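Biologist: I would like to learn how to read a model like this one. Could you walk me through it?

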Amino acid sequence: MIGGRAIIRLDRVSSTMDIVDEYARAGAAEGLVVVAEEQSAGRGRTGRAWLAPPGSAILCSLLLRPTVPPDRLGALPLLLGVAVAEAIEAVADVTCQLKWPNDVLIERLKVAGILVQSRLKPRGIDFAIAGIGINVSTAAAALPPGATSIAIQTENAVSRETLLTELLGRIDQQYAQFIATDGRPSLDPWRRRAAMIGERVTVLQEQGELEGVFNGVDEVGRLLLDLGAGEKRALIHGELLRGPRST
Ligand code: BTN
């Protein structure tokens, strides 16, 4: 287990990311988890809001203090995605896929999202916060387009408590691999679950969009895109979309 486990449970917070950030800056030990019933300012990647009706989702953030070089942090979100997918499959009769970099899908719809924020120190990583949102019992009407919940996808009634226990156990396993390999774990478990590998995709980036064939990820989690005519890219950021955008 990551440095012992302190779990702080709160009813309503701005964002569990903010709470863990405060604890981290005050020197809290690795492994701290903050879980909330509701967030008033939940956030996702690229500044998007993350909304969930009270009590319908797992909303948690986990404090990590990885002792790996900062340029190896890229694999961490992918490992967390594997942990989330395994945990969901352990409690519900569903199959999860992973969409680069770290969305968890069921039947092509997003059931969970992961946000990793990190703070560096002069040499190395001070801390990283892994924020995870899983739609557990959320009704369709409360979800944005393209999203789903475990309850929509399966007959099984899923206990958030059981799912959280599974999740933290799986994260411990993935994180142990991350540390043991100095930040270069095998990403094959991620590749096996990856959506769209080998397909034509579009990657939206701040600078514009790129179209090509998605050739998987490299050893640090960068998206490998074959643009054709011998041109290849390894991308750190971006939003992956199925197919060319023009069709
Ligand atoms: C994404 O898919 O864009 C990432 C979503 C991450 C949402 C979780 S919910 C718990 C934690 N607190 C937040 O404000 N965000 C993360």
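Predicted model: local features only at pLDDT ≥ 70, side-chain atom pairs only at ≥ 80, totals over all residues.

**Hairpins and a ligand**

Biologist: How many bridges join strand E9 to strand E10?

Modeller: Three bridges do, and the strands, E9 at residues 208-217 and E10 at residues 223-228, run antiparallel. Together E9 and E10 make a hairpin with five residues between them. In that turn, look for Gly-221, with a positive phi of about 90°.

Biologist: And which strand does Leu-223 find its partner in on the E11 side?

Modeller: In E11, Leu-223 is bridged to Leu-235. E10 pairs with E11 (residues 231-235) over five bridges, in the antiparallel sense. Two residues separate the strands of this hairpin, where Ala-229 has a positive phi near 50°.

Biologist: Now the ligand. Which residues are closest to it?

Modeller: Of the 20 residues that surround the ligand, the closest are Ser-15, Gln-39, Arg-43, Arg-45 and Lys-110. By class, the shell holds seven nonpolar, nine polar and four charged residues. Strand E6 gives the largest share, four residues.

Biologist: How much of the ligand does the protein bury?

Modeller: The protein buries 99% of the 410 Å² that the ligand exposes when taken alone.

Note on methods
Residues numbered from 1 in each chain as written. Heavy atoms only, no water. Near = heavy atom within 4 Å. Areas by Shrake-Rupley, 256 points an atom, 1.4 Å probe, with all protein chains shown as cover. Nonpolar A, V, L, I, M, F, W, Y, C, P; charged D, E, K, R; others polar. Pairing = 2+ DSSP bridges.
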